[in-house]
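Here is a short briefing to read alongside the model. Have the sequence and the 3D view open, and let's walk through a few spots together.

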Amino acid sequence: MELLQGDDVLYDSDISVGYSSQVDLEIDIEGIVNNINQPLNNRPWINVDANGYVRPHQIQPFTEPTGMARRLPIDATPLDYFELLITNPQTDQTLISLLVEETNRYANNLLRQQQAHQPNSRISYWTRTNEDEMKAFIGLLLATGIVKKPTLESYWNESNKTWLINTPGFTNVMRRNRFQNILQCLHCNNNENAVPRGQEGYDPIHKIRPVLNLLNETFSHHYRLGRDVTVDES
């Protein structure tokens, strides 16, 4: 036991002992030493009788089924599972159709604005996108996470000087300007329905709310969680 001596008292962590003489000091220390192992109520650890101890809450065995609620055929591809998990089972709306609808909506609004101010801008060449093209666009986005390059434009580089690191697959799927057009207009929700900040009903994630709602619905429908669930930051 370490005692810190002050002017009038000795300190033992959160126990203070007053003294007026060496004799008093010795008596107080002896009392503390004798009682230090007693199971006091205000101490965090106490002696427990293992034979008579009863758990406050019994953990019940987990018997619920887990994993995919419906297994696809044995020859199903990763794309089949991807499309399963992005399709709302109640409405048959897919993430792809949502992106197509809102991207076209935003592009049309942007096109009207740009034609009045910048008639020769890239968006002036916009044409409506569709589900097949949106799938190709998302595929290229995923590919950029696998094939690392310094700039977005470099994925479409076809120069003979860089033949060793060229990625002709990007050009074969979609032209660069078209990819950048879709990227510029990519939307998940109607901006006209957004409630301004500070007003009742304001949603800080309005722009991606439909995507979250759709995925929460499809994931809970198609996949059953196990007993232990880690909730990540959100």
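Leu99 has 8% relative accessibility, so this residue counts as buried. Keep in mind that this is a predicted model.

- Leu99 sits in helix 3, which runs over residues 95-117.
- Between the C-alpha atoms of Leu99 and Asn130 there are 9.3 Å, although the two residues lie 31 residues apart along the chain.

**Helix 4**
- Helix 4 comprises 16 residues, 131-146. Its first and last C-alpha atoms are 23 Å apart, close to the 22 Å expected at 1.5 Å a residue.
- Which residues of helix 4 are buried? They are Met134, Phe137, Ile138, Leu140 and Thr144. These residues lie on the same side of helix 4 because they cover an arc of only 155 degrees around the axis.
- An α-helix has 3.6 residues a turn, so residues three or four places apart point the same way.
- Asp132, Leu142 and Ile146 are exposed on the other side of helix 4.

**A nonpolar surface patch**
- Tyr223, Leu225, Val229 and Val231 make up a nonpolar patch on the surface, and together they have about 430 Å² of accessible area.
- Leu225, one of these residues, belongs to the segment after strand 5 (223-224).
- Is Leu225 buried or exposed? Leu225 counts as exposed because its relative accessibility is 53%, and the cut-off for exposed is over 50%.

Note on methods. Residues are numbered from 1 along each chain as its sequence is written. This is a predicted model: local features need pLDDT of at least 70, side-chain atom pairs count only at pLDDT 80 or more; totals for chains, interfaces and linings use all residues. Side-chain values use heavy atoms; hydrogens and water are left out. Patches are made of residues with over 30% relative accessible area and no salt bridge: like charges are joined within 9 Å, nonpolar side chains (Val, Leu, Ile, Met, Phe, Trp, Tyr) within 5 Å. Accessible areas come from the Shrake-Rupley method with a 1.4 Å probe; for residues, only the protein chains shown count as cover. A salt bridge is a side-chain nitrogen of Lys or Arg within 4 Å of a carboxyl oxygen of Asp or Glu. Helices (H or I, at least four residues) and strands (E, at least two) are DSSP runs, numbered from the N terminus. Buried means under 20% relative accessible area, exposed over 50%, partly exposed in between (1.4 Å probe, protein chains only). The expected span of a helix is 1.5 Å times one less than its number of residues. The arc is that of the directions from the helix axis to the C-beta atoms.
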